[in-house]
Amino acid sequence: MQFQQLQYFVAVAETRHFTRAAELVHVAQPSLSQQIKALERELGADLFRRARGNITLTDAGEALLPLARRILADADTARHEVQEVAQLRSGRVRLGATPSLCTGLLPDVLRAFHDRYPGVRLLIEEGGSHDLVRELARGALDLALVVLPLPTPSPALTTVELLREDLVVVSSPDAPRPGRGRRTVCIADLEGERLVMFRHGYDLRELTVAACRAEGFEPEFAVEGGEMDAVLGFVRAGLGVAVVPRMVAARSGLGLRVTPLARPGLHRTIALAHRSDVAPPRAARELQGMLLER
C-alpha cells in the first residue's frame, strides 16, 4: 500500500468522480485509475462500485476511508513538525557546561539565542569536563563547553577553542587583602592563605592545586567541596580566598574584592565540543555559531 494510492482513494471518495479526483491531485485520470485498481488488488477487495455517472463506496471502501484520512492527516502533521524544527521554530538543544561557565559566559549568549529562536527549548546540564565528555560520548548532549586539555582525550570528539580566560583571586572586602595588600598577587603569595576550594573533579580545583604545588607548597583549605555559588558565598563570609574565572568574578562582584594574578598569571582554555561521528542538530549548530562569534 502506497501513500500516493491513499491520496488518490480519498480524492475519489470525496469527489465521487475519477476525472475530478485526478484534477484535484494533479495527475492524469488513467494513472489515478490504475493506482486505485492496484490498491484494490493489494487489499483483495473492491473499494468503489463503478456505474456510469455514479461512483459509490463499497463496504470495504467505507471501512478504509476514515483510516486513510487519518494516515494522510498524520503525514501532514509529521511534515509540519519536521518543517518547524528545520526552520528553528521548535526543537531543543542539549548543552553541557561547567558551573563557572553557566555563571559567567552563558547567560548573555543564551539570552540572545532565546530572543532569536524563542521556540527552541534549551536543556542545560552542569558538570565537570570529565562528566560532560562522557555524556557527549553516549549521545546525551548535543554540545558541551569544556576546559582544555580534556582529562581523557577522545578521538570521537571534535573540540574548537572558544576563549582563553584569566583567573583572579577573590576575597572578602572585610578581610586583609591577599599578597600583603599589593594590587596583584602571585600564586606564591597564596602560601599561608586559607583557600575556599571546589569539590573534587572540578576543573578549577585541579588547576589551582597544581599551580600551588608547582610553586613548592601544598595549599591550605579553609572549606572545600562546594560548587561555584557556594564557594563565592563562603568567600563573601570571610572564610578564605578563592581562585575563580574573571568573568565569574565580574558577574558576582558585589561583596567581593577582586585581585588579578601577576604575570604570567593563571589561565584556562575553554572549548566547544561535539561528537565527531554525528552532526549536531540544526538548532545546536545555530547555538554553536553564536558561541563562536561572541
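**Aromatic pairs and overall shape**

Tutor: Phe 9, Phe 18 and Phe 48 form one aromatic cluster. This is a predicted model, in which local features need pLDDT of at least 70, side-chain atom pairs count only at pLDDT 80 or more, and totals for chains, interfaces and linings use all residues. Residues are numbered from 1 along each chain as its sequence is written, and side-chain values use heavy atoms, with hydrogens and water left out.

Student: How many aromatic pairs does the structure hold?

Tutor: There are four aromatic pairs. Rings of Phe, Tyr and Trp (its six-membered ring) pair if their centres lie within 6.5 Å; planes under 30 degrees apart count as stacked, over 60 as edge-to-face and the rest as tilted.

Student: Why is the pair of Phe 9 and Phe 48 tilted?

Tutor: The ring centres of Phe 9 and Phe 48 are 5.5 Å apart and the planes stand at 50°, so the pair is tilted.

Student: And are Phe 9 and Phe 48 buried or exposed?

Tutor: Phe 9 and Phe 48 are both buried (under 20% relative accessible area, with exposed over 50% and partly exposed in between, using a 1.4 Å probe and protein chains only).

Student: What about Phe 198 and Tyr 202?

Tutor: Phe 198 and Tyr 202 make a stacked aromatic pair, with 4.5 Å centre to centre and 5° between the planes. Phe 198 is buried, as is Tyr 202.

Student: Changing topic, how much of the chain is buried?

Tutor: Buried residues are 43% of the 294 residues in the chain.

Student: What box do the C-alpha atoms fill?

Tutor: Along the principal axes, the C-alpha atoms of the chain fill a box of roughly 105 × 35 × 30 Å.
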